[in-house]
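Hi,

Here is the structure I promised to pass on. Have a look at it first, and then read my notes below.

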Amino acid sequence: MTSLPSRLGAVDPTSDRAVFRQIADQLREAIDRGRFTEGEKLPSEAELVEHYGVSRMTVRNSFSILQGEGLVHAEHGRGVFVRPRQPVRRLASDRFSRRHREQGKSAFLVEADAAGGHPDVDSLKVGEEKATQDVSTRLEGVRRVLARRRRYLLDGRPVEFATSYLPLDIARGTQIAEPNPGPGGIYARLEELGHHLDHFDEEIRARMPSPDEVRTLRLASGVPVISLIRTAYDTEGRAVEVCDTVMAADAYVLSYRLPAT
């Protein structure tokens, strides 16, 4: 490890800014400038105590700030590490391209391949249920739906979970109701059933996660989520699916290509 003086400066005890915040500032800057890289272990509490001449509690308070910002994570008995930042890039203009479905690939598989990661799906649950008021409205008054709940992982890390809601008159008794809907996912099956997809409407917002979402996505303290609700329409103008997705905000970049006209 490069010596700490070359990576970190000194604190100013006469400053109005608390010493533990100054240390957090210096560690944050060092991470941002690449002096500590993704996955690298930060200096230990003992090393920072010696470097800055402060107490262990002061150093722990500094680490707490960085954990709250989602920049680092602590591993019991091992230390504090810089969180990886390699994101999944969701290119809105391409992710639902028909050519991917024809190749037997779902949108998440395409994105995982582009990110160079290993995709997986777990916690899969499929069943019929009553539609919520919001889902019913989006599906034009449908009262009961087929719900498909699943969690997506990249290299073993949970990055999003999603629930798709489909009208029963479309999905019941079809492969869409099976745990594995087959190559190309449910959109490929919808098109095989004659519901050729025309467009998707998406609503996106950022927020802090619920306790259940923190557990499901194994989120570090301070990491927000991206909440996305998508409605798929066929060429007849019918809403054929509503998908409610929650993504770890530190795992994704949402990329859009917009026309200039």
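Let's start with A18, which is partly exposed because its relative accessible area is 30% (buried means under 20%, exposed over 50% and partly exposed in between, using a 1.4 Å probe and protein chains only). A18 sits in the loop between α1 (4–7) and α2 (19–32). Its C-alpha atom is 9.6 Å from that of T58, 40 residues apart along the chain.

Before going on: this is a predicted model, where local features need pLDDT of at least 70 and side-chain atom pairs need 80 or more, while totals for chains, interfaces and linings use all residues. Residues are numbered from 1 along each chain as its sequence is written, and side-chain values use heavy atoms, leaving out hydrogens and water.

Next, D234, which is in strand β8 (residues 225–234). D234 is buried but has no salt bridge, and the nearest side chain of opposite charge, R238, is 5.9 Å away (a salt bridge needs a side-chain nitrogen of Lys or Arg within 4 Å of a carboxyl oxygen of Asp or Glu). The side chain of D234 does reach the backbone nitrogen of R238 at 2.9 Å, and one of its polar atoms lies 2.9 Å from the backbone nitrogen of E236.

Finally, there is 1 aromatic pair. The ring centres of Y187 and F200 are 5.3 Å apart with planes at 50°, so the pair is tilted (centres must lie within 6.5 Å; planes under 30 degrees apart are stacked, over 60 edge-to-face, the rest tilted). Y187 is buried at 8% relative accessibility, whereas F200 is partly exposed at 23%.

Cheers

Terms used:
Helices (H or I, at least four residues) and strands (E, at least two) are DSSP runs, numbered from the N terminus. Lys and Arg count as positive and Asp and Glu as negative; His and the chain ends are not counted. A polar contact is a pair of N or O atoms within 3.5 Å; within protein, one must be able to donate a hydrogen and the other to accept it, and residues adjacent in sequence count only if both atoms are side-chain atoms. Rings of Phe, Tyr and Trp (its six-membered ring) pair if their centres lie within 6.5 Å; planes under 30 degrees apart count as stacked, over 60 as edge-to-face and the rest as tilted.
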